[in-house]
Amino acid sequence: MTSGPTRRDFLKSGACATLALGSFPVPRIRYTAAFDLVILDAIILDGTGGPAWRGDLGIVGDTITAVGSISPEQGSHVIETSGLHVAPGFIDIHTHSDDSIVAYPSADSRVRQGVTTEVTGNCGYSAAPMEGAEAERRQGDAEEEYGLQVEWTGVASYFKALEELEISTNHALLLGQGTLRENVVGLENRRLTDDEMKSVLRAVEEGLDHGAVGLSTGLEYAPGRFTPTEEIVQLARVVARRNGLYASHIRNEEANLLAAVDEAIQIGRETGVRVEISHLKAAGRPNWPKQQAALDLIESARRDGVQVLADAYPYTAYSTGLTIFMPTWALEGGWSRLAQRLDDVTDRARIRDAYNSQISVDPGSYDLIVIASTRSEKNQPLVGMNLVQIAERWDLEPVDAALRLLEEEEGRVGLVGHGMSPENVELVLSHPLVMIGSDGSSMAPTGRAAETRPHPRSYGTYPRVLAHYVRERKIFDLPTAIKKMTSMPADQVGIKDRGRIARGMRADLVVFDAAEVQDQATFDDPHRYPVGIHYVLVNGRLLVNDGEPTGARPGRVLSKS
């Protein structure tokens, strides 16, 4: 009997392949994409300050799951960057968006410049808790200024309101010490009693329990001005035990700058709390020589083990309210009491002298104070004019024009003050212990914001750093600038899963053209978006796609708890 072909012979003959191809259908192999999104061919700045490298990023859901070389077939969606830079989304450590985000939940002014996380509740004021004797007035102010219907009380209900609203950027909240104090005793210029202090301490504990990341003070404003250092130390001890942040708009940024910096450092030294000196500056020409000494104090404290850093914005002007130049005694009791004092001939004369004296120190003259916003339509034409121009229009002395404007607007007048030197701005921004913070707000050129002429920092801070201070002035390199915008603020606030590009980090990213990125917002025309920001992602979702906003609102509350 002759044996047939063996299995080896059959396979070698190719008959198996012919049979398979000719007699049976070929199954279609389906590949499942490994990533929801792949970013290809990017120059990666990882946020640590190290050199950039070329590579790809793979994202699944809200998380970066791969960094390296990835084929486009592995992504359900692909962004081909053609060599653009990709960095962690910018973390703005100093903003005032805790109210305005409710009016502008798409946060256009922030998103379009690459900001993906905002730390709000700065300068002693926070939108929550909205409690106590002043709650009704504050609710009315929020409704008037932003058109808000305030439906929260404490931190927990505020966070719930943001989550239900759905916002574009991530938000972390500092508790405003001024807010907590005002909730208990209003605007009284005195020390708290033991029971009142216990009440404020309980409010700090409760706010931290519900997710606030720390505490802020605004010691140039009432009621921060009325608060002795000892009270702040007690509050900061609670924050330190919870590993939170203490951020301070210090007591003075002009003639007494150094003493004010030292006070913030001393609070850190006594309590062990991390300290953030907000928008560090030497305001007013006579005080410009103090800037280096302020930095020296911070350096020395760091060497001694105090965890102190600072933030700054890339402009030579600040923005605040017209009451900032008032003497402390005149601010007790709020606007109603101040209005009475302005009606009293003797008190008005004292206020007038003190106001003139303060302006001579900072910013130096009335023509450096430009009106940014008014409460009434009647005075809308004054927005964009300086106080000398307004005084000429009204045939008054500049100080009297300022006081009249305050009276007509019931104390609600916003200003831009041109008080810092370009050399000092560069000195501060380039310092290794200083990060970038805008001191701005979420807004858009619509609604109530469109009626104002805000500081351009709300729209332009981060592109201005990249364009003017990196590309043109070269005060630091690009990796250093990105570090000051990302990992430094993340570490300072205690945000563990953002601020760096690495596997396992949240996919908050900005893709930009380092050669073309440019701020467009100016003091005369501030409601302008930057150019050169091509893509912005928050929690893995595109907020800016090929330079255009998508309207997505994937932001989250970043709760300490």
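## Chatting through sheets and salt bridges

Me: Hi! Which strands form the open sheet with antiparallel pairing, and in what order?
Reply: Three strands make up that open sheet, ordered S13-S15-S14, and their pairing is antiparallel. Strand S13 (318-321) and strand S14 (369-373) are at the edges with a single partner strand each, so one side of each has no neighbour in the sheet. From one strand to the next, the twist averages 35°. Keep in mind that this is a predicted model.

Me: OK, and how many bridges join S14 to S15?
Reply: Four bridges join S14 to strand S15 (residues 414-417), and the two run antiparallel. For instance, isoleucine 371 has leucine 415 in S15 as its bridge partner.

Me: Changing topic: what is the order of strands in the parallel sheet?
Reply: That open sheet has eight strands in the order S6-S7-S8-S9-S10-S11-S12-S16, with parallel pairing. Strand S6 (90-92) and strand S16 (434-436) are the edge strands, each pairing on one side only. Its twist averages 25° from one strand to the next.

Me: Which helix packs on it and touches S10 and S11?
Reply: Helix H10 (residues 257-271) does, and it also touches strand S12 (308-312). The direction of H10 makes about 165° with that of S11. Helix H18 (residues 457-472) lies across S6, strand S7 (115-120) and S16, at about 125° to S6.

Me: How many salt bridges does the structure hold?
Reply: It holds 31. One of them joins the side chains of aspartate 62 and arginine 506, at 3.2 Å from N to O. This pair links distant parts of the chain, 444 residues apart: aspartate 62 is in the loop between strand S2 (53-60) and strand S3 (63-68), and arginine 506 is in the loop between H20 and S17.

Me: Is aspartate 62 buried or exposed?
Reply: Aspartate 62 counts as buried because its relative accessibility is 16%, and buried means under 20%. Arginine 506, at 25%, is partly exposed.

Me: What about the arginine 110 salt bridge, which residue is its partner?
Reply: Its partner is glutamate 118, with the closest N and O atoms 2.7 Å apart. Arginine 110 is buried at 0% relative accessible area, and glutamate 118 is buried at 0% too.

Me: Back to arginine 506: which residues are in its network of salt bridges?
Reply: Asp62, Asp497, Arg498, Arg506, Asp508 and Arg556 are linked in that network.

Me: Where does aspartate 508 lie?
Reply: Aspartate 508 lies in the loop between helix H20 (487-493) and strand S17 (509-512). With 5% relative accessibility, aspartate 508 counts as buried. Its side chain reaches the backbone nitrogen of asparagine 539 at 2.7 Å. Leaving out residues up to four places away in sequence, aspartate 508 touches several others, including Ala87, Thr116, Asn170 and Arg498.

Me: Last one: which residue meets arginine 453 in a salt bridge?
Reply: That is aspartate 524, at 3.9 Å from N to O. Aspartate 524 sits in the loop between S17 and strand S18 (533-538) and arginine 453 in the loop between S16 and H18, so the pair ties together parts 71 residues apart in sequence. Aspartate 524 is exposed at 63%, while arginine 453 is partly exposed at 27%.

Key. Residues are numbered from 1 along each chain as its sequence is written. This is a predicted model: local features need pLDDT of at least 70, side-chain atom pairs count only at pLDDT 80 or more; totals for chains, interfaces and linings use all residues. Side-chain values use heavy atoms; hydrogens and water are left out. Buried means under 20% relative accessible area, exposed over 50%, partly exposed in between (1.4 Å probe, protein chains only). A polar contact is a pair of N or O atoms within 3.5 Å; within protein, one must be able to donate a hydrogen and the other to accept it, and residues adjacent in sequence count only if both atoms are side-chain atoms. Contact means heavy atoms within 4.5 Å. Two strands pair if DSSP finds at least two bridges between them. Axes are lines fitted to C-alpha atoms, for helices over the stretch in contact, and angles run from 0 to 180 degrees between N-to-C directions. A salt bridge is a side-chain nitrogen of Lys or Arg within 4 Å of a carboxyl oxygen of Asp or Glu.
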